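Subject: Structure handover

Hello,

Here is the structure you asked to have passed on. Please look through it first; the notes on what was found follow below.

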Number of protein chains: 2
Amino acid sequence: MSKKNAILLAATDLFSQKGYNGASMAELSRMTGAAGGTIFHHFRNKEDLFLNILGGIKETILDTFDQYLRDENFTNGMDLVEGAVSFYLQLAGQMQAQFLLLHRHFPYKMAETNPICRNYLESIYDCLLDIFEKGIVRGQKDGSIARVPARQSAMILFSMVDGIARFNTYQIYDAGALYNDLITTCRKMLGVAKAGQA
Amino acid sequence: MSKKNAILLAATDLFSQKGYNGASMAELSRMTGAAGGTIFHHFRNKEDLFLNILGGIKETILDTFDQYLRDENFTNGMDLVEGAVSFYLQLAGQMQAQFLLLHRHFPYKMAETNPICRNYLESIYDCLLDIFEKGIVRGQKDGSIARVPARQSAMILFSMVDGIARFNTYQIYDAGALYNDLITTCRKMLGVAKAGQA
DNA sequence: TAAAAAACCGACCGACCATTCGGTTGGTTT
DNA sequence: AAACCAACCGAATGGTCGGTCGGTTTTTTA
């Protein structure tokens, strides 16, 4: 593997574990075996290094969900929403370091002054919210989802799912067993009312 | 105001705005007018200072919700849950710096090695989850809430509400208009099914 | 009012920080 | 073989970090 790639990989772990200020270039140098100067040969500065990582995360997430929507075919809108919830939790488990990064505060702080950073974050959240919203709209056409406000419901749904993913990484509570309850909740909040529904 | 109190107040803002590593004792000294040595006269070290702040936040939250449960009287369990949701969002708006602190990653990182820190965080989340759970259990007795698993539903509800509160502080999206949708969702996920319910 | 205690000060310390820079490779182009 | 180049190195730099310490002021106690 090229040194540059090794730096990007190690820095993802380092930033996610220790935050922006806590991640030191000296430690990154030690982790990768790259000399201090080498890091600054490939990246203008620490912020540029982080933006490269965040840009990569954006690409991965957008591509992954794009692929997901193209490959799978769903019986209806509700099915799409449930699938997206499940897929999101699965992805968060696979890309732990990347999601931990997104769950930290410093990217959003940087976004206040850095438009590139802000753009990356907005792209990611737009993509995720759009998927939930698309599912809801589709479900309202095919009758599987009730007439709830689409965008708002997508945001509430997202904050719910992402909160559970966060519970897992913070490890204050074991949220792994919550998956079934989450899907049930999802059905209740979006589903059309039927006689006898609990 | 005593210097010690001024330090605690300013440090709360500083930690919440810049994180643990980003908050420097020199800047804290500048903000408060207290000399460097004075800070370390009142607090053993930086970590001790933070633990004092977190301990204060714990006390405030526990007392506030205790008071809330004692003062108000609710018509039923569902009413209690809805009130708690509303109260939580209101409190998060009033104690912005404190909630921003709780929404950062470093307290949970510190909790991995520091049992005092871990204890404070667990107390806070236990308190919050207990209120939702109590409301659900009470609602199941008085018939206002369906037979959902109480603790799990409380966790999902909490992660939903806290996610919305987080949306507000991150200011990526305007989540202020989500309050009504949130209460509606809350009713759907917990409420007993009625004929004609949407 | 004298003594003891607590609050407070700011210069100082070594460690560490992000970043720079002059120089060395090894491979490609001319 | 000369010129070029990106990748890489590691010592050096100026600045900031958390924390210490000896001494002064203010408050409390006896």
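A residue is called buried if 20 or more other C-beta atoms lie within 10 Å of its own, exposed if 12 or fewer do, and partly exposed in between, with C-beta atoms placed from the backbone. B:R138 has 19 C-beta neighbours inside 10 Å, and therefore counts as partly exposed.

This is a predicted model, in which local features need pLDDT of at least 70 and side-chain atom pairs count only at pLDDT 80 or more, while totals for chains, interfaces and linings use all residues. Residues are numbered from 1 along each chain as its sequence is written, and chains are lettered from A and ligands numbered from 1 in the order in which they are written.

To stay with B:R138: this residue sits in helix α8 of chain B, residues 115-142. Helices (H or I, at least four residues) and strands (E, at least two) are DSSP runs, numbered from the N terminus. Leaving out residues up to four places away in sequence, B:R138 touches B:G77 and B:L80; contact means that two C-beta atoms, placed from the backbone, lie within 7 Å. B:G77 is 61 residues from B:R138 in sequence, yet the C-alpha atoms of the two are 4.8 Å apart in space.

Chain A

Chain A has 10 helices and zero strands. Its C-alpha atoms fill a box of roughly 70 × 30 × 30 Å along the principal axes. Of the 198 residues in chain A, 37% are buried. Among contacts in chain A with a separation of 6 or more, 68% join residues 24 or more positions apart.

The two chains together

In the interface, 37 residues of chain A are in contact with 37 residues of chain B. On the chain A side, α1, α7, α8, α9 and α10 each supply at least two residues. α9(A) gives the most, with 11 residues. By class, the chain A side divides into 21 nonpolar, 11 polar and five charged residues. Here Ala, Val, Leu, Ile, Met, Phe, Trp, Tyr, Cys and Pro count as nonpolar, Asp, Glu, Lys and Arg as charged, and the others, Gly among them, as polar.

The DNA strands

A residue is near a strand if its C-beta atom, placed from the backbone, lies within 6 Å of it. Around DNA strand C there are 19 residues, of which A:S24, A:G37, A:K46, B:K3 and B:G37 come nearest. α3(B) gives the most to this surface, with four residues. The surface near DNA strand C has six nonpolar, 10 polar and three charged residues.

DNA strand D also has 19 residues around it, and A:K3, A:G37, B:S24, B:G37 and B:K46 come nearest. For DNA strand D, the largest share is four residues from α3(A).

Regards
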